Amino acid sequence: AEVEEKITQLVKLDKSVAWGETGLDYHQFKGVTYAPHELQKQVFIKQLKALLKIQKPVIIHTREAEEDTLKIMKEFIPADYKINVHCFTDSKAFAETLLKEFSNLYIGFTGVITFKRAKKLRAVVESIPLDRLLVETDGPYMSPEPFRGTTCHSGFLR
C-alpha cells in the first residue's frame with residue numbers, strides 16, 4: 001500500500017504527464033518467472049482505477065494478452081480516454097479493435113518493425129491511420145536494424 005501511495009503521489013505531480021506503463025505481459029522467456037496472469041490482471045485493474053482518479057493519460061503495455069487486456073480496458077477505461085498502447089507487437093485484429101473501441105488511443109511501434117521476422121507486424125503498422133500511430137524507441141531496448149543489440153535511443157528515429 002505504501003508503494004502504491006507513493007506512485008499515485010508522483011503521478012499527481014505537474015511534471016508527470018501520464019501513468020505508465022501498466023498492463024499485461026504473458027510472454028514467456030526460458031528461465032524467467034513472471035507474475036501469474038491473475039495477479040497481473042489484479043494489479044492492472046488496481047492501477048487503472050487509481051489513474052482514472054488522477055485523470056492523466058495511460059501508457060499500456062500488452063504482449064500476448066489480447067483478450068484479457070481488451071476485456072479489462074473496456075470495463076475500466078472510458079472510450080474517449082487518452083491511451084498509448086506502447087511497443088505494440090500483437091495482431092492486426094487487436095490493433096483495429098483497440099482503435100475502434102477507444103477514440104483517443106494511439107499505437108506505438110519500436111525498432112521491432114525492422115526485424116526480418118516482423119512481416120506480420122509491418123502489416124499492422126500499414127493498417128494504422130497515421131494520426132493514430134506513434135514511433136518510439138522503448139530505450140534502451142528494441143533498437144532497429146542495423147543497430148539491433150545496441151542501446152536504443154531517439155537518434156535512431158528517422
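Okay, let's start with a question: which residues does threonine 22 touch, not counting residues up to four places away in sequence? The list is Phe44, Gln47, Val58, Ile59, Ile60 and His61, where a contact means heavy atoms within 4.5 Å.

Quick housekeeping before I go on. This is a predicted model, so local features need pLDDT of at least 70 and side-chain atom pairs count only at pLDDT 80 or more, while totals for chains, interfaces and linings use all residues. Residues are numbered from 1 along each chain as its sequence is written, and side-chain values use heavy atoms, with hydrogens and water left out.

Back to threonine 22. You'll find threonine 22 in strand β1; helices and strands here are DSSP runs, helices being H or I with at least four residues and strands E with at least two, numbered from the N terminus. Threonine 22 is buried, with a relative accessible area of 5%. For the record, buried means under 20% relative accessible area, exposed means over 50%, and partly exposed is in between, using a 1.4 Å probe and protein chains only. Its bridge partner in β2 is isoleucine 60. As for glutamate 96, which is 74 residues from threonine 22 along the chain, the C-alpha atoms of the two are separated by 20 Å.

Let's walk across it. β1 and β2 pair in the parallel sense over six bridges. Next, four bridges join β2 to β3 (residues 83-86), again parallel, and isoleucine 60 stands opposite valine 85 in β3. Then β3 and β4 run parallel with three bridges between them, and valine 85 has isoleucine 107 as its bridge partner in β4.

How enclosed are these strands? Five of the six residues of β2 are buried, so β2 is largely enclosed by the rest of the structure. β4 is largely enclosed too, because four of its five residues are buried.

In helix α3 (residues 66-76), the buried residues are Asp68, Thr69, Leu70, Ile72, Met73 and Phe76. They pack against β1, α2, β2, β3, α4 (92-101) and β4 (105-109).

A few loop residues to check if you're looking at backbone geometry. Glutamine 55, in the loop between α2 and β2, has a positive phi of about 65° although it is not a glycine. Cysteine 87 has a positive phi as well, about 50°, and is not a glycine either; it belongs to the loop between β3 and α4. Buried or exposed? Glutamine 55 counts as exposed at 54% relative accessibility, whereas cysteine 87 is buried, with a relative accessible area of 5%.

The loop between β3 and α4 also holds serine 91, which counts as partly exposed at 27% relative accessibility. Serine 91 touches Glu66 and Val124, leaving out residues up to four places away in sequence. Serine 91 and glutamate 66 are 25 residues apart in sequence and 8.4 Å apart in space, C-alpha to C-alpha.

The largest pocket holds about 600 Å³ of space. Of its 18 lining residues, the closest to the centre are Arg63, Thr89, Val112, Phe115 and Met142. The method: on a 1 Å grid over the protein atoms alone, a pocket is an open set of points where a 1.4 Å probe fits, with protein on both sides within 12 Å along at least five of seven lines, and lining residues have an atom within 4 Å of a point. Points are joined across faces, edges and corners, and the volume is the space filled by probe spheres set on them.

Which strand gives the most to that lining? It's β2 (residues 58-63), with three residues. By class, the lining has eight nonpolar, four polar and six charged residues, counting Ala, Val, Leu, Ile, Met, Phe, Trp, Tyr, Cys and Pro as nonpolar, Asp, Glu, Lys and Arg as charged, and the others, Gly among them, as polar.

Technical notes. Pairing = 2+ DSSP bridges.
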